[in-house]
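Which side-chain contacts and backbone features stand out in this model? Look at the sequence and the structure, then read on.

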Amino acid sequence: MRNKFIKPFRMVFCLASVVGLSCILAFAVSADGGTAVNLANVNKNESGEGYYWNNPNEILTLDGFSVSTDEDFGLKLPADATVELKGTNRISASKYAVGCPGSVTFKGDGELILESGGSALYSYSTNSNHKIKITEGKYKFKSGEEVIKLDGAELSVTGGSLELTSSGELAIFGRDLSFTGGSVTAAGALRASHLIKINRSSLEIGAQTQALICENLIDISNVELSLGDSPSSLSVADEYGNEKYMIAIPEKKEGRSSIIFGENVSGVLDYAALAAVVILIAAAIVVPILLRKRKTAKLYEKLENENAGKK
C-alpha cells in the first residue's frame, strides 16, 4: 500500500522540480539579457526593462536596455520611429539585432551596441524614399555578414560615431549611402547599388578588396583623402581609385557656412539677406509716411489757394 502512494508522489515531485528549474532558468535569462521586443505593430504606449515607447510621438527611448536572444530579431521597430539613446544599450540576436520596415531616426547622447550572426541593423523596406538616419550617439555594431543591410532605404549619417566590424566582406550594403557628418570606422567595404556620397565626413575603412564599391556613382567632396592597399601604404590622394584602405578627414571650412541657405553656401549671403529684409521693412514703414506727408502738403496748398481766391 505504501509503494502505491510513494510512486505517484515521486512523479509529482519530479515534475514540480522540472517546472521550478525551468522558471529559475527563464528568470536567469530574463535578468541577464531580457527577451526580444517586437514593436512593429504597436498601437499604444509600451514600456519594459530599459525601454519606453511613446506611441503618439513615435519615439522609443532606450536607457540601459539589454536583450540577448536566440530569436531572429532582438528588437523590431515600427516604420517612422525615432530611437533616442540614453546610457549604454546592448542587443544581440541570431540573425538581426535590430530590424525596421521603414524610415527610422537614431539620436541621443547614449550608446547602442549590436551583435548578430547576420546583420546588426537590417532595414527590410524596399522603398527608396525611406531613410535610416543616424544623427547623434555612439554605435558599435558587429555581425557575421553585412553589419548594416538596407534592401531599399537610404542610409544617412549626419552625426555621431559608428564602429562597424564584419566577419564577411561588407560593412554596409544598400541602395544609397550618404555621409555628411559624424565619423565611421569600418572593418569591411561600403557597397551601394546607386550612390555613395561623402561630404565633410570622417571615414576610416579597411576592406578585403575595395573600400568603396558602387555600380553607379561615388561622390566625394570637401575631405582630405589618404588611400592605399594596406595601412602602411597609405598616402594622400586627390580621388578614390578602388584602394582597399581609405581615410577621409573633413576639410576645414573657409569662413562660416550659411544658416539660411545651407552648409555649402557662404555665410556672407546671410548678411546680404538680412540687409535686404531690413531695407524692405524700412521701406514698408517710411514710404507710407512720406506719401501721407505729401498728401497733407497738397491739401494745405489747395486750401491756401482757395482762400487767396476769395480775397
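This is a predicted model: local features need pLDDT of at least 70, side-chain atom pairs count only at pLDDT 80 or more; totals for chains, interfaces and linings use all residues.

## Aromatic pairs

The model has seven aromatic pairs. One of them joins Phe-73 and Tyr-96. Phe-73 belongs to strand β6 (residues 73-76), and Tyr-96 belongs to strand β9 (residues 96-100). The pair therefore ties together parts that are 23 residues apart in sequence. Phe-73 and Tyr-96 are both buried.

Tyr-122 and Tyr-124 form another tilted pair. Here the centres are 5.7 Å apart and the planes stand at 55 degrees. Tyr-122 is buried, at 11% relative accessible area. Tyr-124 is partly exposed, at 26%. Ring pairs join Phe-73, Tyr-96, Tyr-122 and Tyr-124 into one cluster.

## Cysteines

How many disulfides does the structure hold? The count is zero. Cys-100 is buried, with 0% relative accessibility. Cys-214 is buried too, at 19%. The value for Cys-214 counts as buried because the cut-off is under 20%.

## Positive phi values

Most residues other than glycine have a negative phi. Two residues in this model are worth checking against that background. Asp-80 has a positive phi of about 65 degrees and is not a glycine. Asp-80 sits in the loop between β6 and β7 (81-86). Its relative accessibility is 47%, so Asp-80 counts as partly exposed.

Asn-222 also has a positive phi, near 60 degrees, and is not a glycine. Where does Asn-222 lie? It is in the loop between β21 (217-221) and β22 (223-228). Asn-222 is partly exposed, with 24% relative accessibility.

## Salt bridges

The count of salt bridges is four. One of them pairs Lys-140 with Glu-111, at 3.9 Å from N to O. Lys-140 is in strand β14 (residues 138-143), and Glu-111 is in strand β11 (residues 111-116). These parts are 29 residues apart in sequence, so the bridge ties them together. Lys-140 is partly exposed, at 33% relative accessible area. Glu-111 is buried, at 14%.

Lys-131 and Glu-154 form a salt bridge, and their closest N and O atoms are 3.9 Å apart. This pair links distant parts of the chain. Lys-131 is in strand β13 (residues 131-134), Glu-154 is in strand β16 (residues 154-157), and 23 residues separate the two. Lys-131 is partly exposed, at 27%. Glu-154 is buried, at 19% relative accessibility.

## A bridge between Asp-176 and Arg-175

Which side chain meets Asp-176 in a salt bridge? The partner is Arg-175, with an N to O distance of 3.1 Å. Asp-176 is buried, with a relative accessible area of 14%. Arg-175 is partly exposed, at 27% relative accessibility.

How values were computed
Residues are numbered from 1 along each chain as its sequence is written. Side-chain values use heavy atoms; hydrogens and water are left out. Rings of Phe, Tyr and Trp (its six-membered ring) pair if their centres lie within 6.5 Å; planes under 30 degrees apart count as stacked, over 60 as edge-to-face and the rest as tilted. Helices (H or I, at least four residues) and strands (E, at least two) are DSSP runs, numbered from the N terminus. Buried means under 20% relative accessible area, exposed over 50%, partly exposed in between (1.4 Å probe, protein chains only). A disulfide is a pair of cysteine sulfur atoms within 2.5 Å.
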